Amino acid sequence: MIGLERRLAYLKRIVEEAPFDQTEVVLLTEDSSLTRFAHSTVHQHVAERNATLILRGIFNKRIVVLASNLFPPSSVENLFEKALLIAKIQPPHEEFLSLPGPKPIPEVKTYFEEMERLTPRKKVETLKKLFQKVKGKGLHASGSFSNGVVELFVLNSLGVEAYQKYSDLVFHLIVHDHDGSGYASFVSRNPSSLDIESLAQEATERVRRVPEITIEPGEYEAILEPYAVAELLSLLGYLGFHALAFQEKRSFFCNRLGERMVDERVTIYDDGSDLEGLPIPFDFEGVPKKKIVFFDSGVARGLTYDSLTAGKEGKESTGHALMAPNTEGPIPINLFMEGGESTLKEMVRSVRKGIYVTRFHYTNVVGPMRAVLTGMTRDGTFLIEEGEIKMPVKNLRFTESVLKLLSRVKSVSKERKLCSEGTVYNRRFITGVVAPALHVDGFYFSGVSQL
Amino acid sequence: MKEFIENILDMAKLKKVDYADIRIVRRQKEEIEVKNGRVEAFVEAEDSGFGIRVLFHGAWGFACSSKINKREMERVFGKALKIARASSRAIKGKVFFPPREGKVDRYRTPIVIDPFHVSPEKKVELLLRSEALLRLRPKVKLSEAFMDSYKTEKIFASTEGAYIEQTIIECGAGISATAIEGSEVQVRSYPNSFRGNFATRGYEWIEELELEKNAERVAEEAVQLLSAKPCPSEVTTLILDSSQLALQIHESIGHPIEMDRVLGTETSYAGTSFLRPEMVGNFRYGSEIVHVFADATYPGGLGTFGYDDEGTEAQRVPIISNGILVNLLTSRETAPLLGKQSNGTMRADGWNRIPLIRMTNINLEPGTWTLEEMIGETKEGLFLSTNRSWSIDDRRINFQFGTEIGWEIKNGKLGDIVKNPTYTGITPMFWRSCDAIANRDHWQMWGTPNCGKGEPGQVAHVGHGTAPARFRNVQVGIMKNT
């Protein structure tokens, strides 16, 4: 706590002494570890401790961002001087109104002390158990086991003072032999909920000991597991659910708010406080996150805003600002899709001939206005015949409009899963999507991966 | 600093580690983005810290911190050792790390003008002037200009006596026009999409890019795309311009030849490779005219440096000769599996990441054709330029790319513009169908500053030198059915 108070006092001093019209400071500290394994052997095992200060100064409507991990920065005065110099050479940002003022932030439990006790030795012991378990089935394990504790501070000169400590654990597991592979993952703020036995079981079930068959490209009924659905939802969020894309007329929501765009079984929203996801109750401007519904029973409804995009429309921020400088827009990072009535087993049983997809790989945007994406299946793609998962098939490429796909939903699973890429570039900031499985009609597979 | 480093390396020797190295890295970054007449982002960032890698009892451990002082270094060394000791309990075999004598040297990117010594005014003015030219076309609704500069100063020292100091300077710039009409959105960029073209050069590189000179053409093409016909769906002859071919090389040659992917140690995130070590020396990767080098020495390449982050000197090595795979990208640990020594490709994204096998400059050697001859001798096909989207499977077999623009080729001449062009293929089949590569006059380096790999994620800056090339029997127009 002494460290916390000292840091808060330091950040307050920066805000008070800054020579700008408005000032914001964000401090992100990280104490993390990541253990990678391949072919049931630990080959990379790293630990990091870092702290980054991001200063945003507004001077006559000019915006400057400076970032430093020298903590405390060698000279705050030098930072101020540099920022003023950069501000003065810019034309004014007329659309910028103001940084946000303070609002009450709900209390959400995001930190579990047990994370601090996850030593390298304990992690390796967990992995040894895993290696033994899959060895018993003649398989190998590859994957990563990442854990960290992060502290986020957001303060500004209008009185915002937000602080959150959070922990997270992400476990990716690929179980494989020569013929195929299966995938399972686990992500949580609470490390004690990791059940390595059931994770190994889930991944192992997807490995079939028979060679993959090749199926012809074309349209198929498909069952998409939550891992696959989560990836599609993330890209929808990036492309169209936020105000910047809408204001720049490059969102698929343009001119369509209020219209039924997808099947009525589809409800997609963002909720930064829901404990089923990876909650953080406020954004990088210190604004509490509002729940925003994008598709309400298939009808296009809402958008996420930060202070800049909200200011342009005379609205209030919904609490979706990302770390400055953010030129991509207030992309939602706590996505959920509502579950349906069926179990995954029932969904499979209802398919006469179709494809079962565990997850996608390297999905990318082909056509933003129709949300056309392409990507490959990976780690468990199967042919379904007469309601049963039969043969594993060679990985397939899809090229498909996700909006059209969501119009062809046949059923949505009751079960939902928190999925996360867990990949961290530069600063640790893990996001997740809570998704059900989907049964869709006419999924267009455009190619096969085979030599 | 040297004293702190020696203290750690002495401690490592006292603890009888198999090997240890330390890297101290300081990076400066400046990113400027101009959009629709205003400065959207002007960011200055500095980042420094150190990382210690230890090989102990045959297992690796790595720990790092942003606090550079003697006490913290000792703590971090202890943590790295603890990690290695723990990891040694879950390995199948001890890591073989071939011993060698460490080098003592210095390297600095040769530049004319340090981009960090150029005034912010000058940079912002250039971007605003270039971006304003894009807006002369009313249908261009988003006009953007970018300029990024990086300076990395690093010290590498090891228990083998290495002490290498390097300063790497990089910069790049680009412009982009987005034309919008109704639900039609079309983008054109120069010199490349995703923020431009980058090099290990000084500000003279930015000046040579001539952003303003190209702005009006870029805007005009973006507007033309709004009413262009869609890319046909067919199997045809494809000519790729050098910027798109650079990404084709990146995804379908550069990544599959990474030895860590070949060995399966990147399975959990980036994926593996369709290649196996025993294919080196006999696998036909491409047609006989396909010659590829990994060249970390090419002046100005974004993957150019003095030494990699294991202290191995930068090299130029053949990867594909006469279409046959002859080598892979290797590290000190993996090269012995091919009976070779490291070809110096281990690079880390800063002090807080371990070095991984990364592309350097993966260059396709020029051929003998002029671009005009290549188009002139193509009866029917497409000429595609500037990447818009990319995707490839986890073994790097099935790829699909989209480009910003395409032109029909009819009877040896460029014809109408086509919008939303896409093409797909299978890696070795595609490269085996290459029947013409343009000559040295058309050859240029492209910098890719956003190559992602590893966990925690790492971004590498890599380069690709290439000239336009022609490929036969390629499936184009994948979007038609959507």
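**Domains, chains and helices**

Analyst: In this predicted model, the C-alpha centres of domain 1 of chain A and domain 2 of chain A lie 23 Å apart. The domain assignment places domain 1 at 2-205 and domain 2 at 218-448.

User: How many residues do domain 1 of chain A and domain 2 of chain A each bring to their contact?

Analyst: Residues count as in contact if their C-beta atoms, placed from the backbone, lie within 7 Å. On that basis domain 2 of chain A gives 33 residues and domain 1 of chain A gives 40.

User: Which strand of chain A supplies the largest share of the side of domain 1 that touches domain 2?

Analyst: Strand 1 (22-38), strand 2 (41-59), strand 4 (140-156), strand 5 (161-176) and strand 6 (181-188) of chain A each supply at least two residues of this side. By class, the side has 20 nonpolar, 13 polar and seven charged residues. The largest share, seven residues, comes from strand 5 of chain A.

User: Which element of chain B supplies the largest share of the side that touches chain A?

Analyst: The contact between the chains takes 76 residues from chain A and 72 from chain B. Elements of chain B that each supply at least two residues include helix 2 (70-87), strand 5 (140-158) and strand 17 (380-392). The side of chain B divides into 31 nonpolar, 25 polar and 16 charged residues. Its largest share, 12 residues, comes from strand 2 of chain B.

User: What is the bridge partner of Ala67(A) in strand 2 of chain B?

Analyst: Strand 3 (residues 62-68) of chain A pairs with strand 2 of chain B in the parallel sense, over four bridges. In strand 2 of chain B, the partner of Ala67(A) is Ala45(B).

User: Are helix 3 of chain B and helix 5 of chain B roughly parallel or roughly antiparallel?

Analyst: Helix 3 (residues 120-134) and helix 5 (residues 211-226) of chain B pack with their axes 8 Å apart, at an angle of about 25°. Angles under 35 degrees count as roughly parallel. Therefore helix 3 of chain B and helix 5 of chain B are roughly parallel.

Key: Residues numbered from 1 in each chain as written. Chains lettered and ligands numbered in written order. Predicted model: local features only at pLDDT ≥ 70, side-chain atom pairs only at ≥ 80, totals over all residues. Axes fitted to C-alpha atoms, helices over the stretch in contact; angles between N-to-C directions. Parallel < 35°, antiparallel > 145°, perpendicular 65-115°, else oblique. Contact = placed C-beta atoms within 7 Å. Nonpolar A, V, L, I, M, F, W, Y, C, P; charged D, E, K, R; others polar. Pairing = 2+ DSSP bridges. Domains from an automatic or database assignment.
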